[in-house]
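This report looks at charged side-chain contacts. The structure comes next, then the details.

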Amino acid sequence: MKIWRLISGYVRHNFMAGMAYRGAFFLQIFGMMINNLMLLFFWNMMFLSFPTLNGWELQDIIVLYSIVAVGFGFSVVIFGNASRLASLITSGELDYYLALPADPLVHLLVSRMSLSGWGDFFFGLLLYLFVLPSAWRNLPLFLLLSLLAGLISTAFAVLTGSLAFWLGESEQLAAQLRMALLNFSLYPVDIFSGGVRLLLYTIIPAAFVGSVPAKLLTDFDIWWLAGLILVTALMGGLASWVFRLGLRRYESGNLVTVRG
Amino acid sequence: MLTRYLFVARVAARRQWFYRRELFWRSISMILFMVVFIALWKTAYQVSGRSELAGYSLAQVIWYLGMAETVMLSTSRSFVEISEAVKSGSVAYELARPLSYPLLQLARSLGNSAPRFLLNLMVALLVVLLGTGQLVGSVPGLLAFLLTAGLALLLDALFAVLIGLLAFWIEEVMPVYLIYQKLLFSIGGLFLPLEIFPLWLQRAAKWLPFQLIAYTPARAYVAFDVGELVRGVMGQLVYIGVLSGVLWLLWRLVQRRLVVHGG
């Protein structure tokens with residue numbers, strides 16, 4: 001219960017902090033929505049030349065984009081600090097979270113919000129609701145799948161950020177791995193052949209962020225859904241375990257900072 | 001006068017080279033991009049049973065993407081530095097230098113791009129060669145690519161400085177950059193050669209500067225043609241002139257707007 005209060009308190013606080021600069025806030029949301037829309041332009045052109053790609057049509061790609069955008073948006077809005085984990089570790093800034101009674105991992109994850117993430121979130125939701133037929137009926141499933149996608153991408157960010165406990169300066173590596181997850185999740189997993197496909201179900205689990213939930217929405221299968229929930233739980237557990245393991249190696253930076 | 005800016009560019013290039021480990025990680029972006037697109041285009045050509053699309057064979061499309069991405073991954077991010085300097089007020093210190101601030105930023109930006117461009121080019125050549133098993137292009141094509149890519153990076157640096165200076169008016173310039181970047185991705189021809197677009201869009205795109213940054217160099221490499229090259233270079237020079245003029249005007253406006261309160 002305490003953890004929910006912590007999360008909701010931070011979300012409210014971060015949102016209000018963002019709204020202090022209202023112009024920048026709305027510009028970021030609007031910019032991100034246009035940004036995403038223009039990525040869809042590519043697919044539109046592609047499907048003009050090739051109507052189907054290994055069973056994927058434009059409508060399936062729109063489902064894929066909606067889920068990834070809402071899931072990723074949710075992840076960076078609520079857990080916006082995950083992308084800074086590696087730099088927090090190397091600069092010794094974890095001390096602040098360790099000295100407080102709240103769970104340090106959850107606390108550090110929620111203490112920042114990506115404002116442009118709202119743009120991803122609303123883009124995905126609007127795309128889903130207004131472009132796809134029977135969208136309203138499947139809305140609860142869509143939201144559940146997006147939530148799972150978001151949790152997997154957060155867990156992945158924690159895992160890649162935690163590499164800094166062992167490797168030292170590895171912000172670039174963590175950023176590249178996060179980018180790889182996002183990039184690969186925006187393409188149908190069926191276009192990739194053996195080795196790469198296996199990679200996308202394991203080391204860079206992009207298939208579980210994009211293609212698997214998208215397939216579930218258009219062609220529901222209870223066992224695949226159960227599998228996706230299991231993968232999310234496993235990823236979450238693994239991320240939490242690796243972070244705690246890393247904490248044992250963590251050395252304080254003795255950094256004196258003032259937090260407002 | 002020019003030697004000062006060349007010195008700035010050289011220092012920026014050496015600084016990039018000093019942090020080559022970071023450069024190396026960045027080049028992974030190229031590998032990821034090419035893995036995705038090689039898979040995508042191979043599937044597309046295979047499924048449709050086509051041997052060419054809008055005059056491009058599979059190998060040509062992949063080489064085109066590799067070359068376009070080489071330029072794209074070497075583009076400037078000076079808007080970040082400029083907008084932060086504007087927001088923090090440290091731009092005042094930069095103004096005290098005996099150099100024009102916009103030209104200083106352009107020189108720094110080109111200096112930063114040069115080592116990244118060389119590394120990206122080497123990675124692209126390697127990845128595309130492994131991915132396609134075919135060498136596409138020619139020596140004149142490569143020379144034309146180097147010329148047009150250089151001009152493309154200058155054009156892009158002008159855009160980046162202009163976007164950075166917008167920080168004098170708007171609080172956050174990142175959304176503007178993202179839109180500019182996606183214009184390069186789409187009608188700039190990064191993801192798809194312009195010939196694949198519907199005719200009306202091709203015509204519109206050809207008048208805009210974005211295709212001069214991604215499409216022109218990549219096209220010069222895979223399908224070298226003197227007439228096309230001359231048209232491309234002329235277009236690049238015209239837009240470099242136009243954007244330089246806009247930058248000059250914008251900088252005059254900025255100087256009127258800037259208030260320095262001691263420090």
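## A partly exposed glutamate

B:Glu81 is partly exposed, at 34% relative accessible area (buried is under 20%, exposed over 50%, partly exposed in between; 1.4 Å probe, protein chains only). B:Glu81 forms a salt bridge with B:Arg108, with 2.6 Å between the closest N and O atoms (a salt bridge is a side-chain nitrogen of Lys or Arg within 4 Å of a carboxyl oxygen of Asp or Glu). The two residues are 27 apart and link distant parts of the chain: B:Glu81 sits in helix 4 (residues 78–88) of chain B, B:Arg108 in helix 6 (residues 101–132) of chain B. Helices are DSSP runs (H or I, at least four residues), numbered from the N terminus.

## Basis of the model

This is a predicted model: local features need pLDDT of at least 70, side-chain atom pairs count only at pLDDT 80 or more, and totals for chains, interfaces and linings use all residues. Residues are numbered from 1 along each chain as its sequence is written, chains are lettered from A and ligands numbered from 1 in the order in which they are written, and side-chain values use heavy atoms, with hydrogens and water left out.

B:Arg108 is buried, at 15% relative accessible area. B:Arg108 also meets B:Glu94 in a salt bridge (3.8 Å, N to O). B:Glu94 lies in helix 5 (residues 91–95) of chain B and B:Arg108 in helix 6, so this pair ties together parts 14 residues apart in sequence. B:Glu94 counts as buried, at 15% relative accessibility.

A network of salt bridges links B:Glu81, B:Glu94, B:Arg97 and B:Arg108.

## Other salt bridges

Over all chains, the whole structure has seven salt bridges. One of them joins B:Arg219 and B:Glu195 (3.1 Å, N to O). B:Arg219 is in helix 10 (residues 215–222) of chain B, and B:Glu195 is in the loop between helix 8 (174–185) and helix 9 (199–207) of chain B, 24 residues apart.
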